[in-house]
Amino acid sequence: MRAMSREMRPLVVFDGDCGFCKRWVARWRQDTGGRVRFARGSGWLLKLLGIPKQDMRRAMQLVEPSGRRSSGAEAVFRMLAWSPRWSTRLAARLGLTPGVRQVAGAVYSVIAHHRRSASRWDTWLFSRVTEPAEHRLVRWAFMRLLGGTFLIAFTSLGRQVLGLYGEKGIRPIRDVAQSERQAEQGRWRRPSVFWKDASDAALVRGCRVGQALSVALLLNVAPRPSAAALWALYLSYVSLGREFLSFQWDVLLLEMGLLGALTAPAGVRPGLGKRDVSALEVFLFRALVFRLYFGSGISKFHSGDRTWRELSACDVYFETAPLPTRGGWAAHQLPRRVRHAGTAAVLASETVVPFLAFGPRRVRQAAFGAFSALQAAIMATGNYGFFNVQSLVLGLWLLDDAALRRVLPERLWRDAGPARWPSVPGTVLSVAAAVPLLTLGTMEQLRRMGWWPRGPERLVRAVDWLEDRLMPLHSVNSYGLFAVMTVDRPEITVEGSNDGVHWVEYPFRYKTSGVDRPPRQVAPHQPRLDWQMWFAALGSPPSWFLALMERLLEGSPEVLRLFASNPFPEHPPRLVRAVLHDYRMTSRAERQRTGAWWTRERRGLYVSPLTLAPGSSEQAGRLTWYV
């Protein structure tokens, strides 16, 4: 920190009659934290300083303690170099580099000659707010809502954890832990607290601990350790969870949790926190917003899928979505031109709007509105677990405290006091976390766009090494939903029988089955078996599906609770099979005439009848084909 008296401070002389100038001086006054003096360019002051009036009319002037005088863009950058914020000082030094300074000078000259137009653009882009952008309220709201998102995730998982991962579940975590240990795989590759104990009791206890930590974060109790513990606990499930915990919102929640733990204020009951969020931490969140949406958009273009090229994706999307809603059925009835316009809007929201995340205040607010509208539309027409909720929560980082003060209670921020600058240790920690995260995030986007740089071999090896070390933490992930649209809807029906002649269907809780059953609104709960059934129908039977069939033949109560009911309450069936059907949404006329939401046509067997081989052991394969 520079120690200076009043006389040692630099002086900025500006045009006091220009509204544009006055607003920016008010912003710079706060950004420089009292280290710079500002004065209107009156006649006597100009004479005292020896500044010609024509120079004053052209640009603002800066007089430094050394006597050096500069004007225009150079004066702006030299003034900002006195800011107590290290990020502002860094930006100022970059602005003074050759090339950048010349471009900035040309821009300054254009603005100076068109001040009235510049003032209108300034109001539109930055609003009339002159206070510096702070993010303590944003962080407070984000951490509360992050706790709520974790609470949804752990509560949803807790309802199905034994059926999915218990000892009698479809994919026992115990088996994964034992096989990894026997193969002498390093636990670093799959970090999890369940290496030591993967019993049913431990799995249930983990979800309950997750709920308790989520409530603590929701109530602003020890937010930093609470967020860190939530991230580590959820990572423990994801690391060993395989298919049922491999969704994009699972890894997105881990990224948000990790950044939340780095950004959260210290203390047991910190309120808004005494220190503001650093510019680098804000940038990390906005970079994640960019990667989430732009990755989804660019993957649609690079997939070569014709439905996106022809703007016909929404012709089939609502009908083929994994778990549609009544809103999706209604959207499917819209005129074709409306659906094509919706497809174009999605592509624009995911390829153009993400760049606005790095723009001025009003531009970022517009991006926040566009993303919120997109998430609301997705939420109304499909069930995507807690993805829409967490995407809306993440979008808060496009705003600042001035925007949130309009909607949050005044008591939250009235007595908070002025924010302090981020501490040096906190800044060092932010930089240490930001460098690898931004490096891997940039490389991931370049790969998506096909622009993988062929740099020096040493640099490529360093990036590969970094990626290999951080991959188990799921700290940087790729995003890209529905890059290739499915144009039809195959659905699997699981059936059981005791005689091989009469077959009874196992009713799922949420996925499409009975043609008369309306689509349900399930989100933010995510029924993970129902979701994976949609993926399974698109290809050959995966190994977990055969494990499901085996558990049904055994009559596993944990797995049966994943279904709406048990059609064989007295004893398990002797045989199970899977049938594939093609589903199609009905039209409004068909719906009024028949009362059905779907029509379906049998395609054939997905899995031929299976039974348990007599006398088979737990280690040997127990399933056998029934002939």
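Q: By class, how many nonpolar, polar and charged residues does the lining of the largest cavity have?
A: This is a predicted model. In it, the lining of the largest cavity has 6 nonpolar, 3 polar and 3 charged residues.

Q: Which residues line the largest cavity?
A: The lining consists of Leu-323, Pro-324, Tyr-510, Lys-511, Thr-512, Ser-513, Gly-514, Arg-517, Pro-518, Pro-519, Arg-520 and Trp-598.

Q: And what volume does the largest cavity have?
A: Its volume is about 90 Å³.

Q: How many cavities of 30 Å³ or more are there?
A: The count comes to 2. The second largest cavity holds about 40 Å³ of space.

Q: Which residues line the second largest cavity?
A: They are Tyr-293, Phe-368, Phe-371, Ser-372, Gln-375, Ser-391, Leu-392 and Gly-395. Two or more of the lining residues come from each of helix 19 (361-381) and helix 20 (387-394). Helix 19 gives the largest share, 4 residues.

Q: What classes of residue are found in the lining of the second largest cavity?
A: By class there are 4 nonpolar and 4 polar residues, with no charged residues.

Q: Changing topic, which residues is Asp-530 in contact with, leaving aside its neighbours within four places in sequence?
A: Asp-530 is in contact with Leu-323, Phe-508, Arg-509, Tyr-510 and Lys-511. Leu-323, Tyr-510 and Lys-511 also belong to the lining of the largest cavity.

Q: Where does Asp-530 lie, and in which helix?
A: Asp-530 lies in helix 24, which covers residues 528-536.

Q: Does Asp-530 count as buried or exposed, and why?
A: Asp-530 counts as buried because its relative accessibility is 3%, and the cut-off for buried is under 20%.

Q: On to the strands: what is the order of the open sheet of 5 strands?
A: The order is 6-5-7-8-9, and the pairing is antiparallel. Strand 6 (504-505) and strand 9 (623-625) are the edge strands, each pairing on one side only.

Q: How many bridges join strand 5 to strand 6?
A: Strand 5, residues 489-497, is joined to strand 6 by 2 bridges. Within this pair, Gly-496 stands opposite Val-504.

Q: How many bridges are there between strand 5 and strand 7?
A: Strand 5 and strand 7 pair over 9 bridges in the antiparallel sense. Ser-497 stands opposite Leu-575 in strand 7.

Q: What about strand 7 and strand 8, over how many bridges do they pair?
A: Strand 7 pairs with strand 8, residues 598-612, over 9 bridges, again in the antiparallel sense. Leu-580 has Gly-604 in strand 8 as its bridge partner.

Q: How many residues of strand 7 are buried?
A: Strand 7, residues 575-585, is mostly covered, with 9 of its 11 residues buried.

Q: For the protein as a whole, how many helices and strands are there?
A: The secondary structure comes to 27 helices and 9 strands. Of the 627 residues, 51% count as buried. The C-alpha atoms fill a box of roughly 105 × 55 × 55 Å, taken along the principal axes.

Q: Finally, what is the accessible surface of the protein?
A: The accessible surface comes to about 29,200 Å², and 58% of this belongs to carbon and sulfur atoms.

Terms used: Residues numbered from 1 in each chain as written. Predicted model: local features only at pLDDT ≥ 70, side-chain atom pairs only at ≥ 80, totals over all residues. Heavy atoms only, no water. 1 Å grid on protein atoms, 1.4 Å probe; cavity = no way out; pocket = protein on both sides within 12 Å on 5 of 7 lines; lining within 4 Å. Points joined across faces, edges and corners; volume = space filled by probe spheres on them. Nonpolar A, V, L, I, M, F, W, Y, C, P; charged D, E, K, R; others polar. Buried < 20%, exposed > 50% of the residue type's maximum accessible area, 1.4 Å probe, protein only. Areas by Shrake-Rupley, 256 points an atom, 1.4 Å probe, with all protein chains shown as cover. Pairing = 2+ DSSP bridges. Contact = heavy atoms within 4.5 Å.
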